[in-house]
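I opened my notebook to keep track of what I looked up. Each entry covers one part of the structure.

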Amino acid sequence: MELLRSGQLVGIPTETVYGLAANGCDPKAVAGIFDLKDRPRFDPVILHFSEPERMEGFVKMDTEMAHSLFKTFSPGALTLLLPKTDKVPDIVTAGLPKVALRIPDHPMTLELLRNLPFPLAAPSANLFGRTSPTRPEHVTDQFGEDLKLVLDGGACTVGVESTILDISGPRPVILRQGGIPQEDLEAHLGYALESRSSSSQPEAPGMTHSHYSPGCPVVLMEGRAFPGEGYRSGDRVIRFKTLLEDVPKEAQIVLSTGGDVREAASQLFKALHDASHTDPRVIWAERAPNKGVGRAINDRLRRAARAQA
Ligand code: TXA
Ligand code: MG
């Protein structure tokens with residue numbers, strides 16, 4: 001807590017992924033996040049709060065929709081985008097007029113947020129463009145001595161980042177698929193949502209880039225078919241539900257033997273981290289069924305596959 005009060009960075013657990021946190025009201029502290037992550041300044045960060053009441057003064061809203069969404073889905077893996085006030089430093093939103101807000105569902109971090117007089121700005125605690133961390137050791141592996149403290153809150157239960165919903169316009173739009181399924185938001189709102197997360201002109205600036213690279217090439221596969229030249233000895237394979245018979249068992253990681261997309265999401269980034277440890281030529285990854293959190297899994301796999309290793 002003292003580190004955060006004095007403008008330094010701390011690794012924090014959330015239910016989605018670990019965050020690299022700093023005082024969200026202190027532009028210098030937030031600049032430290034960009035420096036340590038090697039993240040371009042045009043990519044804004046999310047502000048984390050312990051409860052909606054604390055957001056007062058940071059946003060020009062107070063709409064019924066924001067209240068009812070936070071009431072239903074928070075604490076949880078939903079980030080809302082709303083028009084910001086001057087209280088939010090420009091570096092947090094990269095100069096954009098909207099700010100991203102979220103209430104993470106992790107007891108340790110909620111307690112921390114309750115005891116701090118400011119919200120925490122926090123992107124995922126990985127170097128820019130790399131796989132997000134879902135365990136404390138993923139954070140320490142990437143930053144080592146450069147990060148003084150990582151709070152150990154165990155393995156992240158959701159395992160993919162929050163769903164980002166822009167509710168500042170006439171109709172809400174999903175800017176990133178994530179831990180709260182599109183279907184759940186649609187059921188709550190009572191209408192179908194547009195998802196711009198895979199469009200070529202996304203509004204979330206970070207979305208234009210290839211992301212989530214485990215440090216070696218990732219190639220997507222549908223079902224059992226290896227595209228192109230196919231599997232070679234030494235390659236690693238991430239499977240959604242079933243092992244492949246013609247590939248050594250040790251070379252494969254199954255995300256959910258029961259075929260549950262939630263379980264698979266919670267294992268996804270660990271699987272990418274683990275598969276990359278032997279520095280393979282290729283990681284082959286099978287797509288998940290495109291429903292519920294499976295949409296977020298497929299979004300992350302697509303981006304990992306697009307990333308330059
Ligand atoms: O689950 C999560 O959301 C995690 C945990 C730590 O809370 N955080 C996270 O942050 O994933 P980050 O920075 O890795 O991804 C946030 C995404 C970025 O793609 C960024 O461009 C977008 O949210 N974003 C943040 N603020 C925005 C804004 N004001 N306008 C548009 N996009 C924004
Ligand atoms: Mg990230």
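Entry 1: a term, then a histidine. I count two residues as in contact when they have heavy atoms within 4.5 Å. I also note that this is a predicted model.

With that term I looked up His138. I found that His138 touches Pro133, Lys270 and His273, leaving out residues up to four places away in sequence. His138 lies in helix 6, which covers residues 136-143. Is His138 buried or exposed? I read a relative accessible area of 6% for His138, and buried means under 20%, so His138 is buried. I then checked the side chain of His138. That side chain reaches the backbone nitrogen of Thr134 at 3.0 Å.

Entry 2: a pocket. I looked up the second largest pocket and noted a volume of about 240 Å³. Which residues line the second largest pocket? Among them are His138, Asp141, Gln142, Leu272, His273 and Ser276.

Entry 3: I followed a sheet of 4 strands in the order 10-13-11-12, with parallel pairing. Strand 10 (218-221) and strand 12 (252-254) are the edge strands, and each pairs on one side only. From one strand to the next, the twist averages 20°.

Next I looked at one pair in this sheet. Strand 10 and strand 13 (residues 283-286) run parallel and share 4 bridges. I picked out Val219, whose bridge partner in strand 13 is Trp284.

Then I looked for helices on the sheet. Helix 8 (residues 261-276) packs there and touches strand 10, strand 11, strand 12 and strand 13. The direction of helix 8 makes about 170° with that of strand 11. Helix 9 (residues 294-306) also packs on the sheet, touching strand 10 and strand 13. Its direction makes about 135° with that of strand 10.

Entry 4: strand 2. Why do I call strand 2 largely enclosed by the rest of the structure? I do so because 5 of the 5 residues of strand 2 (residues 19-23) are buried.

I then traced the partners of strand 2. Strand 1 (residues 10-12) pairs with strand 2 in the antiparallel sense over 3 bridges. Here Val10 stands opposite Ala21. A hairpin of 6 residues joins strand 1 to strand 2. Strand 6 (residues 120-121) is also antiparallel to strand 2, with 2 bridges between them.

Definitions and conventions. Residues numbered from 1 in each chain as written. Chains lettered and ligands numbered in written order. Predicted model: local features only at pLDDT ≥ 70, side-chain atom pairs only at ≥ 80, totals over all residues. Heavy atoms only, no water. Pairing = 2+ DSSP bridges. Axes fitted to C-alpha atoms, helices over the stretch in contact; angles between N-to-C directions. Buried < 20%, exposed > 50% of the residue type's maximum accessible area, 1.4 Å probe, protein only. Polar contact = N/O pair within 3.5 Å; in protein donor to acceptor, adjacent residues only side chain to side chain. 1 Å grid on protein atoms, 1.4 Å probe; cavity = no way out; pocket = protein on both sides within 12 Å on 5 of 7 lines; lining within 4 Å. Points joined across faces, edges and corners; volume = space filled by probe spheres on them.
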